[in-house]
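The exercises below are each followed by a worked solution that goes step by step. Please keep the sequence and the coordinates at hand while working through them.

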Amino acid sequence: MIVIQRNTDENFTSIRAIAAAVWPIAYSETLSQEQLYYMMEMMYSIKSLQLQASEKKHRFILAIEEETVLGFASYEFNYSKKPKTKIHKIYILTNHQGKGIGKAFVNFIVNEAKERHQKGLILNVNKRNKAIRFYESIGFTISNEEVIDIGNGFVMDDFVMEKTI
Ligand SMILES: CC(C)(COP(=O)(O)OP(=O)(O)OC[C@H]1O[C@@H](n2cnc3c(N)ncnc32)[C@H](O)[C@@H]1OP(=O)(O)O)[C@@H](O)C(=O)NCCC(=O)NCCS
């Protein structure tokens, strides 16, 4: 059985390992090697993850099956001081995708968000990411587009997607 649990590892070992395994596959057609490494360092160094959890109040959850971590997600309540919960990250090991784990993560986040009187979920997704179909299938719609300068000459070319809860 797959269970969703909060991450308690301050070194984010499983999260870093899953990101390192999934990112090169998920973004092979979307991002250059250089941008991929740059973003991995920016978002998944231990220091960066600790900062996200402590100062930015991102909550990290894991999908676990028999002590093996198969995926992770992170989210933040009251994003931009609005009653919206932002899903910052959601990544599942490639050979465990399509088994309902992504949906289970979003359901978990919806329940948490409702308890905190949030009115909706919001996230950014690369315009060329197949995950757009996943989000659409669970009730998200595109609400905006954003080109975000992330430094070093790189940009993120995203759709903003939202779902009312
Ligand atoms: C996107 C991702 C999180 C989805 O999680 P998942 O566990 O694979 O998805 P689920 O099995 O929960 O799928 C839920 C629904 O979405 C649909 N779906 C999932 N991926 C899809 C895709 N690529 N295209 C179309 N539909 C898709 C499923 O068919 C399912 O529909 P159903 O409930 O009607 O059967 C996961 O595939 C992943 O980690 N992808 C690579 C990393 C990534 O791109 N993350 C998102 C960054 S913004």
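**Exercise 1.** Does Phe-72 count as buried or exposed, and what is its relative accessibility?

*Solution.* The model is a predicted one. Phe-72 has a relative accessibility of 0%, and the cut-off for a buried residue is under 20%, so Phe-72 counts as buried.

**Exercise 2.** Determine the geometry of the aromatic pair formed by Tyr-27 and Tyr-91, and then that of the pair formed by Tyr-44 and Phe-72.

*Solution.* The structure holds eleven aromatic pairs. In the pair of Tyr-27 and Tyr-91 the rings are 6.5 Å apart from centre to centre, with 65 degrees between the planes, and the arrangement is edge-to-face. This pair links distant parts of the chain, since Tyr-27 sits in the loop between helix 1 and helix 2 while Tyr-91 belongs to strand 4, 64 residues apart. Tyr-27 is buried at 10% relative accessibility, and Tyr-91 is buried with a relative accessible area of 11%.

For Tyr-44 and Phe-72, the ring centres are 6.0 Å apart and the planes stand at 75 degrees; planes over 60 degrees apart count as edge-to-face, so this pair is edge-to-face. Because Tyr-44 lies in helix 2 and Phe-72 in strand 3 (residues 68–76), the pair ties together parts that are 28 residues apart in sequence. Tyr-44 is buried, its relative accessible area being 2%.

**Exercise 3.** Where does Gln-35 lie, and which backbone oxygen does its side chain reach?

*Solution.* Gln-35 lies in helix 2, which spans residues 33–44. With a relative accessible area of 9%, Gln-35 is buried. Its side chain reaches the backbone oxygen of Val-155 at 2.9 Å. When neighbours within four places in sequence are left aside, Gln-35 is in contact with Ile-150, Phe-154 and Val-155.

**Exercise 4.** How many residues surround the ligand, and which element gives the most to the shell around the ligand?

*Solution.* The ligand is surrounded by 22 residues, the closest being Gly-98, Gly-100, Gly-102, Lys-103 and Ser-137. By type, the shell divides into eleven nonpolar, seven polar and four charged residues. Helix 5 gives the most, with five residues.

Turning to individual atoms, a ligand nitrogen is 2.9 Å from a polar backbone atom of Ile-90, a ligand oxygen is 3.0 Å from an N or O atom in the side chain of Asn-129, and a polar side-chain atom of Ser-137 lies 2.8 Å from an oxygen atom of the ligand. Of the 920 Å² of accessible area that the ligand has on its own, the protein covers 71%.

Note on methods: Residues numbered from 1 in each chain as written. Predicted model: local features only at pLDDT ≥ 70, side-chain atom pairs only at ≥ 80, totals over all residues. Heavy atoms only, no water. Helix = DSSP H or I, 4+ residues; strand = E, 2+ residues; numbered from the N terminus. Buried < 20%, exposed > 50% of the residue type's maximum accessible area, 1.4 Å probe, protein only. Polar contact = N/O pair within 3.5 Å; in protein donor to acceptor, adjacent residues only side chain to side chain. Contact = heavy atoms within 4.5 Å. Near = heavy atom within 4 Å. Areas by Shrake-Rupley, 256 points an atom, 1.4 Å probe, with all protein chains shown as cover. Nonpolar A, V, L, I, M, F, W, Y, C, P; charged D, E, K, R; others polar. Phe/Tyr/Trp six-rings, centres within 6.5 Å; stacked < 30°, edge-to-face > 60°.
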